[in-house]
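Try each task before reading its solution.

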Amino acid sequence: MKALIQRVKKASVTINSDLYSEIGYGMLVLLGVEKGDTEDNAQKLAQKLVNLRIYEDENEKMNKSLLDINGEMLVVSQFTLCGDCKKGTRPSFDKSAPPQIAEVLYEKFVEYVNEFNIKTKTGKFRAMMDVALVNDGPVTFLVEK
């Protein structure tokens, strides 16, 4: 399971020109589910992300987590994160989990985040989405579990 996370001042998802969801200060998570991923991966990743200290403290050091700042999270499914670009010029998606499995684990990840009382919004699985964000920093990390 892969998560490309971005510390954001705000982020939103629009589908067919309609605002679907939005958050304020917090974290945008682009989530990729790979073959072999399990609920355990989803739980560990959720715990890692809500506790990851990427927000600045009073000394401008990255020392606070999403929990510490009472931040929000926007989770967007992103199967292309599992794409392999090592050979040729066309990505291979052989490592991506089948959609029916990926959707279940995506939803489980969101459930686990919600257990931490994080205000969580989502995109729509398998939809074409316009994702907008104001990156804070910019601060971006790739996290794998």
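Buried means under 20% relative accessible area, exposed means over 50%, and partly exposed lies in between (1.4 Å probe, protein chains only). This is a predicted model, where local features need pLDDT of at least 70, side-chain atom pairs count only at pLDDT 80 or more, and totals for chains, interfaces and linings use all residues. Residues are numbered from 1 along each chain as its sequence is written, and side-chain values use heavy atoms, with hydrogens and water left out.

**Exercise 1.** State how many salt bridges the structure holds.

Solution. Start with the criterion: a side-chain nitrogen of Lys or Arg within 4 Å of a carboxyl oxygen of Asp or Glu. The structure holds six such bridges.

**Exercise 2.** Classify Lys44 and Asp40, and place their salt bridge.

Solution. Step one: the N to O distance is 3.2 Å. Step two: both residues sit in helix H1 (residues 39-51), four residues apart, so about one helical turn separates them. Helices here are DSSP runs (H or I, at least four residues), strands are E runs of at least two, and both are numbered from the N terminus. Step three: Asp40 has 39% relative accessibility, partly exposed. Lys44, at 44%, is partly exposed.

**Exercise 3.** Find which strands the Asp136 and Arg7 salt bridge links.

Solution. The side chains meet at 3.1 Å, N to O. Asp136 lies in strand S8 (residues 130-144) and Arg7 in strand S1 (residues 2-15), 129 residues apart. Now check burial. Asp136 is buried at 13%. Arg7 is buried at 4%.
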